[in-house]
Amino acid sequence: MYLHLGQSVVVPFRDVIGVFDMDNTTSSHLTRKFLERAEREGRVVDVSGDLPKSFALCRTGDGAPVVYLSQLSTATLLKRVENNLFE
């Protein structure tokens, strides 16, 4: 099964570690530090095309996590997983 994150980006669901709401999680200084570090290391992929509503933390083949910024809400992404929808 795959999860469509937006802007024609699809990731295997088995590689998804978690999907997080930007408004709720970025209020924590720890999350902000994590996202800043991932950006410095080049592990952030912006597929939002606009202001992101959520981010997905995913595994890669080499074991380093990658962060996908998405314009879709966590509720929409959850529905896609539950319904096995690709778009």
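Mentor: At 47% relative accessibility, Arg 37 counts as partly exposed, where buried means under 20% relative accessible area, exposed over 50% and partly exposed in between, with a 1.4 Å probe and protein chains only. This is a predicted model, in which local features need pLDDT of at least 70 and side-chain atom pairs count only at pLDDT 80 or more, while totals for chains, interfaces and linings use all residues. Residues are numbered from 1 along each chain as its sequence is written, and side-chain values use heavy atoms, with hydrogens and water left out.

Trainee: Which residue forms a salt bridge with Arg 37?

Mentor: The partner is Glu 41, with the closest N and O atoms 2.9 Å apart. A salt bridge is a side-chain nitrogen of Lys or Arg within 4 Å of a carboxyl oxygen of Asp or Glu.

Trainee: How many salt bridges does the structure hold?

Mentor: There are two. In the other, Glu 41 pairs with Arg 43, and the closest N and O atoms are 2.6 Å apart. Through shared partners, Arg 37, Glu 41 and Arg 43 are joined into one network.

Trainee: Is Arg 43 buried or exposed?

Mentor: Arg 43 counts as buried because its relative accessibility is 14%. Glu 41, at 42%, counts as partly exposed.

Trainee: Turning to helix H2, what does it span?

Mentor: H2 covers residues 29-40, which is 12 residues, and reaches 16 Å from its first C-alpha to its last, close to the 16 Å expected at 1.5 Å a residue. The expected span is 1.5 Å times one less than the number of residues. Helices (H or I, at least four residues) and strands (E, at least two) are DSSP runs, numbered from the N terminus.

Trainee: Which residues of H2 are buried?

Mentor: They are Thr 31, Leu 35 and Ala 38. Seen down the axis of H2, they fall within an arc of 60°, so they line one face of the helix; the arc is that of the directions from the helix axis to the C-beta atoms. On the other side, Leu 30, Lys 33 and Arg 40 are exposed.

Trainee: What do the buried residues of H2 pack against?

Mentor: They pack against helix H1 (22-25) and strands S4 (44-46), S5 (54-58) and S6 (66-70), with contact meaning heavy atoms within 4.5 Å.

Trainee: And what follows H2?

Mentor: Gly 42 follows H2, and its phi is positive, near 75°.
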